[in-house]
Amino acid sequence: MEKKELIRYAMNAREYAYAPYSGFQVGAALLCKNGKIYTGCNIENAAFTPTNCGERTAFFKAVSEGEREFECIAIVGGKEGEMTAPSPCGVCLQVMAEFCDAGTFEVIMAKSEDEYTVKKLSSLLPYGFSLG
Ligand code: THU
């Protein structure tokens, strides 16, 4: 799967973002090792803390469908009508670390299909929490 294609999935998912409070709309597309793709968007809430990020929506959809092995995730986002290349928040990185090999799992932060940065999870979360 081309990175470009995964980014397109993330862009489509962003269309469903529910972000009436921040106006910051995020889309994510998670590629499983078996080739399946799970998408997610951010879902905000009037009480703020129940808000779920786009990345976690994608992960939770995948994990709840039985997926456990992941290759990479593409993330797009920005204020309505804008595109930045958002890097995942600490909570999302910790969720990724729960299910992914940090040395190989790739995080694709995209501004467009052609402008993106790819980082290994280990470089974004070098000292993630673990129970031992
Ligand atoms: N957000 C994400 O969806 N992913 C991130 O990694 C960081 C932030 C969302 C949460 C909230 O709905 C909005 O972006 C502004 O923080």
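Predicted model: local features only at pLDDT ≥ 70, side-chain atom pairs only at ≥ 80, totals over all residues.
I placed Glu98 in helix H3, which covers residues 90-99. I then took the C-alpha distance from Glu98 to Gly128 and noted 9.3 Å for two residues 30 apart along the chain.

Next I looked up the ligand. Which residues surround the ligand? I listed Ser22, Phe24, Val26, Asn42, Glu44, Thr51, Cys53, Gly54, Glu55, Ser87, Pro88 and Cys89. Sorted by class, this shell holds 5 nonpolar, 5 polar and 2 charged residues. I checked which elements supply at least two shell residues each and noted strand E1 (24-32) and helix H2 (54-64).

I went on to the polar atoms around the ligand. For Asn42, I found a polar side-chain atom 2.9 Å from a ligand oxygen. For Gly54, the atom concerned is a polar backbone atom, with an oxygen of the ligand at 2.9 Å. For Cys89, I noted a backbone N or O atom at 2.9 Å from a ligand oxygen.

I turned to the surface. I found a nonpolar patch made of Tyr18, Tyr21, Ile43 and Phe48, whose accessible area together is about 430 Å². I followed up Tyr18, which sits in the loop between helix H1 (3-14) and E1. Its relative accessibility is 42%, so I recorded Tyr18 as partly exposed.

Then I went through the salt bridges. How many does the model have? I have 5 salt bridges in the count.

Entry on Arg8 and Glu113. These two form a salt bridge, with 2.9 Å between the closest N and O atoms. Arg8 belongs to helix H1 and Glu113 to the loop between strand E4 (106-110) and strand E5 (116-120), so the bridge ties together parts 105 residues apart in sequence. I recorded Arg8 as partly exposed because its relative accessibility is 39%. Glu113, at 23%, also went down as partly exposed.

Entry on Glu67 and Lys36. I found their side chains meeting in a salt bridge, at 3.4 Å from N to O. The pair links distant parts of the chain, 31 residues apart: Glu67 is in the loop between H2 and strand E3 (70-79), and Lys36 is in the loop between E1 and strand E2 (37-41). Is Glu67 buried or exposed? Its relative accessibility is 8%, which is under the 20% limit, so I marked Glu67 as buried. Lys36 has 45% relative accessibility and is partly exposed.

Entry on Lys120 and Glu106. The closest N and O atoms of this salt bridge are 3.4 Å apart. Lys120 is in strand E5 and Glu106 in strand E4, and this pair too links distant parts of the chain, 14 residues apart. I noted a relative accessible area of 34% for Lys120, which is therefore partly exposed. Glu106 is partly exposed as well, with a value of 21%.

Definitions and conventions
Residues numbered from 1 in each chain as written. Heavy atoms only, no water. Near = heavy atom within 4 Å. Polar contact = N/O pair within 3.5 Å; in protein donor to acceptor, adjacent residues only side chain to side chain. Helix = DSSP H or I, 4+ residues; strand = E, 2+ residues; numbered from the N terminus. Nonpolar A, V, L, I, M, F, W, Y, C, P; charged D, E, K, R; others polar. Patch = residues over 30% accessible without salt bridge, like charges linked within 9 Å, V, L, I, M, F, W, Y side chains within 5 Å. Areas by Shrake-Rupley, 256 points an atom, 1.4 Å probe, with all protein chains shown as cover. Salt bridge = Lys/Arg side-chain N within 4 Å of Asp/Glu carboxyl O. Buried < 20%, exposed > 50% of the residue type's maximum accessible area, 1.4 Å probe, protein only.
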